[in-house]
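Let's take a walk through a protein together, starting with its aromatic rings. Have a look at the picture first, then read on.

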Amino acid sequence: TYGGSEMDAAFSITQTFDSAFVVSGYTQSSNGDIHNFQGQDDYWILKIDQNGDTLWSKTFGGSYYDQATSVIQCKDSSLLIAGYTRSTDGDIHTNHGYNDGFVINLSMNGDTNWTHCYGGYHDDWLTDIKQTSDSGFIFSGYSYSSDGDLNENNGDRDFWILKTGKEPYPYSISECEPSTISVFPNPTTDIINIKYNTDSPYRIFSIDGIELKSGQLDTEHTV
């Protein structure tokens, strides 16, 4: 086991190219395996070898709530960690308001390459990451915001999909409430048909996150 005298939790683990493991989560401890605790909850990133021995342990965040929900190793060997922050100090520089999605890129040694916040005025969380074929990243999460990095909100909490390039800047952000939707054929190079259970605006993006077309969608529409 790993941690300190307070509450500590692990949410995600990935095996690295050097056959070690990196774990992401949060800590409320300031002792034991925890160093440089900043307050409330901190991101806690732990790297261990195949025997479970600690290679390094890092915390990130500010004086409020910060929790890391997902970690991956990137094609360039760096580590990408996503989660959320409610802090406006410490390692947090651009919080848009309340909770923001918070992304950190680390070296294999746990040194910070860059950090970035995504979100709007209300509560926004990032919960998972995948690297895409263009070497960018796609994140999933949920949001209550309709400003800042968010285009709109369909009511209460929406699911949130964020696509970025290799650098920490979004190509596009979209969110949807759960609804019956049918898109065919997908993918396509010509005509696409969309069936939707209510009138709604639509936006179509390429795999690179470039907006190709937008408009108002009725119950069945061909674009």
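How many aromatic pairs does a search of the whole structure find? The search turns up 8 of them. Before we visit a few, some ground rules: this is a predicted model, where local features need pLDDT of at least 70 and side-chain atom pairs count only at pLDDT 80 or more, while totals for chains, interfaces and linings use all residues. Residues are numbered from 1 along each chain as its sequence is written, and side-chain values use heavy atoms, with hydrogens and water left out.

A pair of aromatic rings is described by the distance of the centres and the angle of the planes. Rings of Phe, Tyr and Trp (its six-membered ring) pair if their centres lie within 6.5 Å; planes under 30 degrees apart are stacked, over 60 edge-to-face, and the rest tilted. Take Phe11 and Tyr26: their centres are 5.8 Å apart and their planes sit at 35°, so this pair is tilted. Phe11 belongs to strand β1 (residues 8–15) and Tyr26 to strand β2 (residues 21–27), so the pair ties together parts 15 residues apart in sequence. (Strands are DSSP runs of E, at least two residues, numbered from the N terminus.)

Phe11, at 43%, is partly exposed, whereas Tyr26, at 9%, is buried.

Next come Tyr118 and Phe139, with ring centres 6.3 Å apart and planes at 40°, so they are tilted too. This pair links distant parts of the chain: Tyr118 is in strand β8 (residues 112–118) and Phe139 in strand β10 (residues 137–143), 21 residues apart. Tyr118 is buried at 0% relative accessible area, and Phe139 is buried at 3%.

Rings can gather in groups as well: Tyr84, Trp125, Tyr142 and Tyr144 make up one aromatic cluster. Tyr142 also has a charged neighbour, as the charged end of Arg157 sits over its ring, 4.3 Å from the centre. For Arg, that label asks for CZ within 6 Å of the ring centre and within 35 degrees of the ring normal.

Our last stop is Ser107, in the loop between β7 (100–106) and β8. Ser107 is buried, with a relative accessible area of 18%. Leaving aside residues up to four places away in sequence, Ser107 touches Trp56, Leu79 and Asn113, where contact means heavy atoms within 4.5 Å.

Conventions. Helices (H or I, at least four residues) and strands (E, at least two) are DSSP runs, numbered from the N terminus. Buried means under 20% relative accessible area, exposed over 50%, partly exposed in between (1.4 Å probe, protein chains only).
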